[in-house]
Amino acid sequence: TGSSRPQRMLKAVQKNATKGDPKSVISAIDSYCRHKEWAMNVGDDKGLILDSVLTEVNPSTALELGTYCGYSSVRIARLLSPDSKLITIEFNPAFAIIARQIIAYAGLQDKVTLVEGASGDLIPKMKEQFGIKSFDFVFLDHWKDRYVPDTKLLEDCGLLKKGTVLLADNVICPGAPEYLQYVRNNPRYESRYYPSNLEYTKVEDGLEKSVFLG
Ligand SMILES: Cn1ncc2cc([C@H](O)c3cccc(CNC(=O)c4cc(-c5ccc(F)cc5)cc(O)c4O)c3)ccc21
Ligand SMILES: [Mg+2]
């Protein structure tokens, strides 16, 4: 049987990036996905917006929903302060196994905890299992119809505090209309749309940044 797209992405990292150099891992993936084989990483254009929001928030504890191959885990973890942590949730074992290797190749395994399972099952366990009081930053990039239920779950589990920043990928393409409706018409959130393009294409997409007001 042949290789998978995630496996080919890992090969491209091992071939073209420098071990322990997150920037080279990011570039190797972006170059592979732009010139060889498209993949659903947040990508370089939206990645710059992710970087700027992260630098502004400077989170101590960050959560990512939807690891895929670990591209955004590397983008996030490389910008975290020394004692800060990223927890990333992935339910697909084939994705998780590749993501662990890409995160390790970047040398960021000590800052990233990849948890295998579904967000709906794992979010309620965050406090007890990982000693999380609340998250300062959440990156939503998993199934788009899970953005609203998981945001509500984070609220109900007391995992959001005044000032927590939610950043959601793909609010235009593939789209998360219910999520936009939820955060834009909810007095407990201050939302702003960052226009960009779908990774490695000219198609319109963007990120929605929503600050939880408590
Ligand atoms: C419950 N739970 N808990 C953890 C968890 C983790 C996962 C997986 O990581 C996973 C698997 C498959 C799909 C996604 C969502 N991502 C997308 O669907 C997407 C699509 C496109 C696009 C755009 C245009 C196209 F033409 C085709 C695809 C561009 C993008 O950036 C995307 O993020 C996420 C799933 C559910 C999970
Ligand atoms: Mg995405």
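Guide: Start with helices and strands: they are DSSP runs, of at least four residues for helices (H or I) and at least two for strands (E), numbered from the N terminus. Asn170 is in the loop between E5 and H9. This is a predicted model, where local features need pLDDT of at least 70, side-chain atom pairs count only at pLDDT 80 or more, and totals for chains, interfaces and linings use all residues. Residues are numbered from 1 along each chain as its sequence is written, chains are lettered from A and ligands numbered from 1 in the order written, and side-chain values use heavy atoms, without hydrogens and water.

Visitor: Why is Asn170 called buried?

Guide: Buried means under 20% relative accessible area, exposed over 50%, and partly exposed in between (1.4 Å probe, protein chains only). Asn170 has 4%, so the residue is buried. Its phi is near 65°, a positive value in a residue other than glycine.

Visitor: What makes Tyr68 count as buried or exposed?

Guide: Tyr68 has 10% relative accessibility, so Tyr68 counts as buried. Tyr68 sits in the loop between strand E1 (61-65) and H4. Its phi is positive too, about 55°, although Tyr68 is not a glycine.

Visitor: Why are H1 and H5 called roughly parallel?

Guide: Axes are lines fitted to C-alpha atoms, for helices over the stretch in contact, and angles run from 0 to 180 degrees between N-to-C directions. Under 35 degrees counts as roughly parallel, over 145 as roughly antiparallel, 65 to 115 as roughly perpendicular, and the rest as oblique. The axes of H1 (residues 5-16) and H5 (residues 93-105) cross at roughly 10° and come within 10 Å. H1 and H5 are therefore roughly parallel.

Visitor: Which residues of H1 and H5 meet?

Guide: Contact means heavy atoms within 4.5 Å. Pro6, Gln7, Leu10, Val13 and Gln14 in H1 meet Phe95, Ile98, Gln101, Ile102 and Tyr105 in H5.
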